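Keep the viewer open as you read.

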Amino acid sequence: MSSHASVPVLVPRRPTRLLTQNRELRAIGVWNWTLPAWAGRFPDGTTYNTCPSAGICRDVCYARFGTYTWPTVKAKHHANLRFVLEDLSGWEEAMITELGRRKFRGIWVRIHDSGDFFSDAYLLAWLRIMRARPATNFYAYTKEVARFRALVEPDPPDNFAWVYSFGGTQDAALDIDRDRVADVFPDEDAIAAAGWHSQEASDLLAVLGPRLVAIPANRIPHFLKRLGGRTFRSWQAEVDAERRAQRRQRGGLRLVQESAGPRPLAPAEPDQVPAAKRRGRAA
């Protein structure tokens, strides 16, 4: 018999309830599924990124501030993400089971009040869930434009509506004349001046209202200062333009260096150099 004590296997604790309601969504009868916002680290040190296409939005993200940072709330969001990452099929089955409850028939579920569709496998799991529960309606904001173009737009579930949101690294792929898009504005006056349509009265207007969706900025003073009177779209465009200019500059410097003069010949091997020249160089 071994003298070593058996080591207990730690089974990750799964959330007993997947869908919740924050104060804003409860007021309009919407349920939501939540992940941690953007990039972070689990208590065991492993890292994650639930918003791989986040751009400037990460610098003023409401879900990285306030109640979202409370230990109990953060632990709940971590547990949700752990479930998805460690047992995607088990999470999918659990979500389908939970959505089978009578109270979810005919209502709306917002997928992510923080986080995004961070992988193809995760998005495909959600599409299967939607098709398995046609009596429930689903909606989402997303910055994963290329992923949705490839996996959702060709054959979307009838009970799924989405809006592409500005402020991400794929903004340039959006077409405001064709896509349903959302942008964050400094205030309601800026929204009216732009001719967009505020969703302040109900978050569902993001998918049920006019196609150009305007979101008033959160009134967090240091976030408003960083926004500087811009929209997310214009701020991201500035950042993208600066990065392009930096890349051009770096590329130009390389070209100048490469074209500054003839490239020196590689030194000859000793047995290829005449003896006299070898002696002269040694002297």
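## The overall picture

The protein chain has 10 helices and nine strands; helices here are DSSP runs of H or I with at least four residues, strands are E runs of at least two, and both are numbered from the N terminus. This is a predicted model, where local features need pLDDT of at least 70 and side-chain atom pairs count only at pLDDT 80 or more, while totals for chains, interfaces and linings use all residues. Residues are numbered from 1 along each chain as its sequence is written, and side-chain values use heavy atoms, leaving out hydrogens and water.

Of the 283 residues in the protein chain, 41% are buried (buried means under 20% relative accessible area, exposed over 50%, partly exposed in between, with a 1.4 Å probe and protein chains only). Among contacts (heavy atoms within 4.5 Å) with a separation of 6 or more, 69% link residues 24 or more positions apart. The chain exposes about 16,500 Å², with 54% of that supplied by carbon and sulfur atoms; accessible areas come from the Shrake-Rupley method with a 1.4 Å probe, and for residues only the protein chains shown count as cover.

The average pLDDT (the predictor's confidence in each residue, from 0 to 100) is 87 for the protein chain, and 84% of the residues score at least 70. Residues 1-11 have a pLDDT below 50, and this stretch has zero contacts in the model beyond near neighbours in sequence. Over residues 259-283 the pLDDT also stays under 50, and the model has five contacts for them beyond four places in sequence. Where pLDDT is low, the predicted coordinates should not be read in detail.

## The sheet

Seven strands make an open sheet with parallel pairing, in the order S1-S4-S5-S6-S7-S9-S8. Two strands count as paired if DSSP finds at least two bridges between them. S1 and strand S8 (197-198) are the edge strands, each pairing on one side only.

What does S1 look like up close? Val30 and Asn32 on one side and Trp31 and Trp33 on the other are all buried, so both faces of S1 are covered. S1 runs parallel to S4, joined by four bridges. Across that pairing, Trp31 sits opposite Val109 in S4, and Asn32 sits opposite Arg110 in S4.

Strand S6 (residues 160-165) has six of its six residues buried, so it is largely enclosed by the rest of the structure. Phe160, Trp162 and Tyr164 point one way, and Ala161, Val163 and Ser165 point the other. S5 and S6 run parallel with five bridges between them, and Ala140 stands opposite Trp162 in S6.

## Two nonpolar cores

In soluble globular proteins, nonpolar side chains tend to be buried together. A nonpolar core here is a set of buried Ala, Val, Leu, Ile, Met, Phe, Trp, Tyr and Cys residues joined through side-chain atoms within 4.5 Å. The largest one has 42 residues, and Trp33, Trp91, Trp126 and Phe160 touch the most other members. H4 gives the most to this core, with seven residues. A second, separate core has 26 residues, including Val30, Val184, Leu204 and Val213.

Which residues does Trp126 contact, leaving aside its neighbours within four places in sequence? They are Trp33, Trp91, Met95, Ile111, His112, Phe117 and Phe138.

Helix H2 (residues 71-86) has 16 residues and reaches 22 Å from its first C-alpha to its last, close to the 22 Å expected at 1.5 Å a residue; the expected span is 1.5 Å times one less than the number of residues. Its buried residues are His77, His78, Asn80, Leu81, Phe83 and Val84. Their cover includes S1, S2, strand S3 (47-49), helix H3 (88-99) and H4.

Gly90, Trp91, Glu92, Met95, Glu98 and Leu99 are the buried residues of H3, and they pack against S1, H2, S4, H4 and strand S5 (137-142).

## Two positive phi angles

Two non-glycine residues are worth a look. Trp38 has a positive phi, near 55°, and sits in the loop between strand S1 (30-33) and strand S2 (39-41). Trp38 counts as partly exposed, at 24% relative accessibility.

His112 has a positive phi near 80° and lies in the loop between strand S4 (108-111) and helix H4 (120-132). His112 is buried, with a relative accessible area of 2%.
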